[in-house]
Each structure stands twice: as structure tokens, then as C-alpha cells.
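Let's take a friendly walk through a protein model together. Have the sequence and the 3D view ready, and follow along residue by residue.

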Amino acid sequence: MAAHRKPRQRLLGGGRARTAATAVLAGAAAATTLDGTGHAEPRLTPEQVRAKVGELYQEAEAAAEKYNGAKEQAEAAEQRLESLQDRAARKEDRLDSARQALGSAAAAQYRSGGLDPALHLALATDPDRYLEGAEFVERAGSRQAAAVARVREQLREIEQLRGAARIELAALKSRQAELKRHRATVTDKLGTARRLLSRLTPEERAPLADGTGHATRTSPDVREATAASGPVRAPNSRAAAAVSYAYRKLGSPYVWGATGPDAFDCSGLVQAAYRSAGVSLPRTSYAQIGAGRRVSRSQLLPGDLVFFYSGVSHVGLYVGNGRMIHAPNPSAPVRVAPISEMPFAGATRVV
């Protein structure tokens with residue numbers, strides 16, 4: 001009997017242990033449920049949330065600029081591929097015609113029986129006419145040889161075009177994969193930012209509307225402040241036209257990847273502004289900084305492009321008096337802002 005009681009005691013002990021463990025897990029689950037998340041997350045102050053959202057917006061914009069660049073390259077690769085395919089198709093049409101001509105010549109030669117020229121001369125009722133005909137056949141043979149050579153050359157050209165098209169297709173697929181990665185990064189960053197913002201009240205989110213995330217930098221009416229300090233003339237008509245376009249777009253929403261006319265991202269706004277002035281600029285901020293002559297911060301004039309952050313991931317259009325017009329981020333529309341609100345990386349004068 002004692003031998004049977006020992007296992008029961010062990011089982012009882014194991015059951016108690018399991019009961020205790022279950023209670024601990026249940027308590028942890030209850031605590032997690034009360035917190036509202038499936039994992040422990042630090043409770044951030046409104047200022048910390050705004051700072052984190054600002055960081056996420058910056059990271060998203062950097063990824064968006066890479067997306068814009070990859071998209072531009074993919075479109076260029078697609079155009080080159082279409083051009084190569086068109087050229088190959090045209091050459092294949094000409095090759096088909098040349099092959100048909102060679103086929104007709106070969107059939108005619110076969111029908112002639114390929115008799116020895118001496119027999120043709122012996123059997124000819126008019127030897128003089130035959131000799132004239134023999135000379136024609138010899139010339140025709142030379143032309144046929146040249147036609148064969150042309151066909152061979154066309155085949156080589158078509159194969160070269162097909163090889164180039166295969167390279168472009170591989171480049172296009174690579175760019176499309178890159179687009180997918182950058183799009184996923186942007187979507188993830190913006191989604192995280194939205195979830196963080198949902199924790200804040202409208203009053204706590206208000207400072208983000210200045211594009212910086214810091215309440216101390218919020219300006220109630222930056223256009224009034226700019227006007228009060230006096231207008232600054234653009235150095236030429238094209239720069240003036242670009243600035244005028246940017247002013248007309250104040251209040252337009254920020255949409256990453258957008259180039260207008262009703263929504264913009266940062267480089268899209270700058271590109272559209274100068275496009276309205278008849279000046280073509282690259283699509284991305286990191287390409288736009290190389291599109292003109294670099295100028296120092298102290299030399300800035302209206303119409304200059306101003307760039308921010310170490311990766312040159314943000315750009316605005318300088319309008320004078322230390323201010324720019326830019327598309328900040330999804331929480332703020334196109335607006336006038338001081339260039340001092342972000343880390344200055346450089347400036348370019350394109351006209």
C-alpha cells in the first residue's frame with residue numbers, strides 16, 4: 001500500500017506545481033490584456049511619442065526617396081526594353097523578307113536543273129543571247145551571296161538586341177523588387193507612426209502639424225511672418241516662377257510618391273515647381289542636390305533648393321528671409337517654414 005501512496009504524492013505535487021504555474025500565466029495574460037497589447041511596450045509621454053513619430057516620418061521619407069529613385073530607374077529600364085524590342089521586331093520583319101527572297105532564288109535555281117554552262121551553250125539556239133544570259137546569272141549569283149551575307153548580319157544584330165533586352169529585363173526586375181522593398185518600408189514606418197499618434201489627444205498631436213514635432217517651433221501664421229520681414233526678389237524669372245508655383249500649392253496634402261498637381265512629397269513639390277518654370281529636375285532629393293551649382297547657406301536666394309539631414313532625404317524651396325516652402329510629412333500639408341527647423345545639409349542653385 002505504501003508503494004502505491006508514493007506515486008500519488010508525486011502526482012499531487014506535480015498537480016500543485018502545474019496549478020501554480022497556470023495561475024502565474026493567467027496573471028501575466030490578464031496583465032497583458034489590461035495593458036491592451038500582446039507584448040510589453042513602454043509608456044511614452046506625448047513629447048516622446050511626437051519625437052518618435054518625427055523620427056519615423058524621417059525614416060519613411062528616406063525610404064520614399066529611394067522608392068522614387070528606383071521607380072525612375074525602373075521606368076527608364078522599361079522604356080529601353082520596349083525600344084530594344086521594337087528595334088528587334090523591325091529587324092525580324094526585314095529578315096523575313098530577305099529570307100523569302102533567298103527562298104525564291106533557291107527554288108528558281110533548283111528548277112533550272114543546274115546544267116553545265118558548256119551544255120547550255122551547245123544546246124542554245126542563240127549562243128550570243130545565252131552568253132549575255134550567263135553573264136546575268138553570274139551577276140545574280142554575286143547579288144545572292146551579298147543577300148546571304150546581309151541575312152547573316154541581320155541575325156547577328158537581332159541576337160545582340162535580344163541580349164541587350166535580356167539585360168534590361170533583368171535590371172527592370174531588380175528595380176521592381178527594390179520598389180517592393182522600399183514600399184514595404186514606407187508603409188511599415190507610416191503605419192507605426194499612425195499607431196503611436198492614436199495614443200495622443202488632438203491637442204497633443206497639434207505640434208506635429210508644423211512638420212517638426214516640437215511645440216516650441218510652431219508658428220501660427222508663417223506667411224504673415226514672412227511678409228512682415230519684407231519680400232526678397234528671385235534672381236531670375238524662372239526662379240520666380242518656381243517660387244510662385246510653390247506659394248500657390250500651400251495647404252496641399254503630403255502624399256509620398258506624389259508630384260502634383262494636388263498632392264506632393266518633398267522632392268515632388270520641388271520638381272513640379274521648376275517644371276512649371278520650364279526647368280527639368282531629377283525626381284529625388286539626393287539627385288536634385290547635384291542638379292545645379294552648390295551655394296552656401298549665407299548665399300541663399302529665392303528659388304534655391306535647400307536640403308536637410310545627412311542622407312539628403314528632405315528638400316525644400318527657399319523663398320527668402322531664412323524660410324522655405326516644403327512638403328513636410330503626412331501630418332502636415334505644404335507650408336512655409338524656417339530652414340532652421342531641420343539639420344541643414346546643403347543648397348543648390350539650378351537657374
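Start at Tyr245, which is buried, with a relative accessible area of 10%; buried means under 20% relative accessible area, exposed over 50%, and partly exposed in between, using a 1.4 Å probe and protein chains only. This is a predicted model, where local features need pLDDT of at least 70, side-chain atom pairs count only at pLDDT 80 or more, and totals for chains, interfaces and linings use all residues. Residues are numbered from 1 along each chain as its sequence is written, and side-chain values use heavy atoms, leaving out hydrogens and water.

Which kind of pair do the rings of Tyr245 and Phe264 form? Their centres are 6.4 Å apart and their planes at 90°, so the pair is edge-to-face. Rings of Phe, Tyr and Trp (its six-membered ring) pair if their centres lie within 6.5 Å; planes under 30 degrees apart count as stacked, over 60 as edge-to-face and the rest as tilted. Phe264 is buried too, at 0% relative accessible area.

Now look at Phe308 and Phe344, whose ring centres are 6.0 Å apart with planes at 80°, so this pair is also edge-to-face. Phe308 counts as buried at 0% relative accessibility, whereas Phe344 counts as partly exposed at 26%. Over the ring of Phe344 sits the charged end of Arg297, 4.8 Å from the ring's centre. For a charge to sit over a ring, NZ of Lys or CZ of Arg must be within 6 Å of the ring centre and within 35 degrees of the ring normal.
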